[in-house]
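Please read this briefing alongside the sequence and the coordinates shown below.

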Amino acid sequence: MSITHVPDEELLVFDHEIAAPVEDVFGAYLDPKLLVRWYGPAGWHVRPTDVVVEPVVGGLQRLSMINEVDPSVSCILQSRFLSIEPFKELEYAEQLPDHLGNPGSVLVYQRHRFFPETVITADGVGSGTRIVIEIGPMPPSVHEEVRTTWRSTFARLDDVLATRARGEL
């Protein structure tokens, strides 16, 4: 299965603009050293020693997210890449964590598409990347929470790429 077979009502689609070149944005998804700096919403961090990224179709992406308020709370995110088109698209199947935070039996498909575009930047308007995210199947009742979580995550990506562009990373 893939994202193309998810029923419309169970598919969450949204986008995000980043004031960074598509090569940098795409690369941040596949570089373990960058991934640990941005992946996950506010209040969570990725344990650097647990990151696995095998950027080939069928390859594994696995990371542990740790709650910053209560480090005893964690979850493992585990995915397999279904499609990789450099600088254009990543698609993967993710095993949602079970009640203990381990990879469970429920699969959610994600596709992230990357478009070089003119975006709003801190200085006005400039070149950047628009990411279009498709996630599903998931009940519509959780769409807003998932979108909010990703917005928080992308705010961290914005900061990491801006810091890197200034030569501070």
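**Pockets, helix and strands**

The lining of the largest pocket divides by class into 16 nonpolar, five polar and two charged residues, where Ala, Val, Leu, Ile, Met, Phe, Trp, Tyr, Cys and Pro count as nonpolar, Asp, Glu, Lys and Arg as charged, and the others, Gly among them, as polar. This is a predicted model, in which local features need pLDDT of at least 70 and side-chain atom pairs count only at pLDDT 80 or more, while totals for chains, interfaces and linings use all residues. Residues are numbered from 1 along each chain as its sequence is written, and side-chain values use heavy atoms, with hydrogens and water left out.

**Largest pocket**

- At least two lining residues each come from β5 (74–85), β6 (89–97), β7 (103–121) and α3 (143–165), helices (H or I, at least four residues) and strands (E, at least two) being DSSP runs numbered from the N terminus.
- The largest share of this lining, five residues, is supplied by α3.

**Second largest pocket**

- The second largest pocket has a volume of about 200 Å³, and the residues lining it include Pro21, Asp24, Thr121, Asp123 and Leu161.
- Here too α3 gives the most to the lining, with three residues, and the lining as a whole has seven nonpolar, one polar and two charged residues.

**Helix α3**

- The 23 residues of α3 should span 33 Å at 1.5 Å a residue, and its end C-alpha atoms are 32 Å apart, which agrees; the expected span is 1.5 Å times one less than the number of residues.
- Among the buried residues of α3 are His143, Val146, Trp150, Arg156 and Leu161, buried meaning under 20% relative accessible area with a 1.4 Å probe and protein chains only.

**Strand pairing**

- β5 and β6 pair in the antiparallel sense over seven bridges, pairing requiring that DSSP finds at least two bridges between two strands, and Gln78 stands opposite Gln95 in β6.
- Three residues separate β5 and β6 in their hairpin, where Phe87 in the turn has a positive phi of about 65 degrees.
- β6 and β7 run antiparallel and are joined by eight bridges, with Glu91 opposite Arg111 in β7.

Definitions and conventions: On a 1 Å grid over the protein atoms alone, a cavity is a set of points where a 1.4 Å probe fits but cannot get out, and a pocket is an open set with protein on both sides within 12 Å along at least five of seven lines; lining residues have an atom within 4 Å of a point. Grid points are joined across faces, edges and corners, and a volume is the space filled by probe spheres set on the points. Buried means under 20% relative accessible area, exposed over 50%, partly exposed in between (1.4 Å probe, protein chains only).
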